[in-house]
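Me: I would like to go through the labels attached to this model and see what each one rests on. Please set each value against its cut-off.

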Amino acid sequence: MASTLYYSILKLMITRVMLLLILLGAFLNLEACSVCFSAKDGTRYAYYGTTVLLSLVPLFMVGFFIRWAYKRAKALEEESQLS
Amino acid sequence: MQETQTTPKRSKKIASNGVIAMIMFVGCEVMFFMALISAYLIVSRGQLNWPPLDQPRLPVEMTAINSIFLMLSGYLMFISNRKFISKQKEKATSYLFYAVLCATFFVIVQGWEWMNLIFNGLTMFSSTYGSFFYLVIGSHALHAFAAIIMMIYIYIQMRAGKASSSAFNTSQVFWYFVVGIWPVLYITVYLN
């Protein structure tokens, strides 16, 4: 009974470790694929730089829009209170 | 029993629907151009010679001078808006006219440059460099062309005294985007 439990736990652990290794391997491959046409550092740095840029630009745009809308709404409210 | 009905107080809009829609559209367009710039930078960094040695060089100085007209057009549009707000409709109309003139001049000179480049062998299919150049700069030119049509429409409306501030502001947002993105494209494509 105890040995059956032991084997099933071991089997589960091995499966999980294997899954983890496969995932890690997949990540390494994915990283290589994005710039696989060129093995140069310049390409990799451009890829990383533009990835950061493409991730941050939408956040900045949304933030800028919310700030603008808030300020505009506040100004309109003050205007209506004065009149 | 009589119920008193109160009409809810209508709150003022922060901007017209047109302006809000245009801001959202411009947001999408910014991402579109960012994606093009990203692809351009990644590909260009992977090449040994960029621009390729067998391809003609871009007219950097002439485009820089031409860019001044685009910037001037943006500034004239801004002045036109100031005049429009202060109810000086005639001045606003004339400033808008000059803004359209500068913008048209920019697009015409760009077209002339393109003709020279095509004549010298830089085409969409001559190299990756050519493909990227026409795709990135062509997309901007297409936007500039659309914005000019929009500005001409507003100018006609303004002359007839029918231009609404909503339509004028909407076209302004788009034109500021076209003017604002150009220095980024110029530095990336022409000075890279």
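Me: What is the handedness of the crossing of helix 2 of chain B and helix 3 of chain B?
Reply: The crossing of these two helices of chain B is left-handed. The term applies if the near helix is turned anticlockwise from the far one by less than a right angle, and right-handed applies if clockwise. Helices here are DSSP runs of H or I with at least four residues, strands are E runs of at least two, and both are numbered from the N terminus. The model is predicted: local features need pLDDT of at least 70, side-chain atom pairs count only at pLDDT 80 or more, and totals for chains, interfaces and linings use all residues. Residues are numbered from 1 along each chain as its sequence is written, while chains are lettered from A and ligands numbered from 1 in the order in which they are written.

Me: Why are helix 2 of chain B and helix 3 of chain B called roughly antiparallel?
Reply: Helix 2 (residues 60–85) of chain B and helix 3 (residues 89–119) of chain B pack at about 160°, with axes 8 Å apart. Axes are lines fitted to C-alpha atoms, for helices over the stretch in contact, and angles run from 0 to 180 degrees between N-to-C directions. Angles under 35 degrees count as roughly parallel, over 145 as roughly antiparallel, 65 to 115 as roughly perpendicular and the rest as oblique. Helix 2 of chain B and helix 3 of chain B are therefore roughly antiparallel.

Me: What makes helix 3 of chain B and helix 4 of chain B roughly antiparallel?
Reply: The axes of helix 3 of chain B and helix 4 (residues 128–159) of chain B cross at roughly 155° and come within 10 Å. That pair is therefore roughly antiparallel. Helix 3 of chain B passes helix 4 of chain B in a left-handed crossing. By class, their contact has 17 nonpolar, three polar and two charged residues. Ala, Val, Leu, Ile, Met, Phe, Trp, Tyr, Cys and Pro count as nonpolar, Asp, Glu, Lys and Arg as charged, and the others, Gly among them, as polar.

Me: How do you know that chain B is more spread out than a compact globule?
Reply: Chain B has five helices and zero strands. Its radius of gyration is 21 Å, well over the 16 Å that the globule rule gives for 192 residues, so chain B is more spread out than a compact globule. The radius is taken over C-alpha atoms, and the rule is 2.2 Å times the number of residues to the power 0.38. Along its principal axes the C-alpha trace of chain B spans about 85 × 45 × 20 Å.

Me: Why is Val19(B) called buried?
Reply: Buried requires 20 or more other C-beta atoms within 10 Å of a residue's own, exposed 12 or fewer, and partly exposed lies in between, with C-beta atoms placed from the backbone. Val19(B) has 20 such atoms within 10 Å, so the residue is buried. Val19(B) is in helix 1 (residues 17–45) of chain B. Leaving aside residues up to four places away in sequence, Val19(B) touches Ser166(B), Asn169(B), Thr170(B) and Val173(B); contact means C-beta atoms, placed from the backbone, within 7 Å.

Me: Is Lys87(B) buried or exposed, and why?
Reply: Lys87(B) has 8 C-beta neighbours inside 10 Å, so Lys87(B) counts as exposed. Lys87(B) sits in the loop between helix 2 and helix 3 of chain B. Phi of Lys87(B) is near 65°, a positive value in a residue other than glycine. Most residues other than glycine have a negative phi, and most peptide bonds are trans.

Me: What makes the peptide bond from Trp50(B) to Pro51(B) cis?
Reply: Omega of that bond is near 0°. Pro51(B) lies in the loop between helix 1 and helix 2 of chain B.

How values were computed
Contact = placed C-beta atoms within 7 Å.
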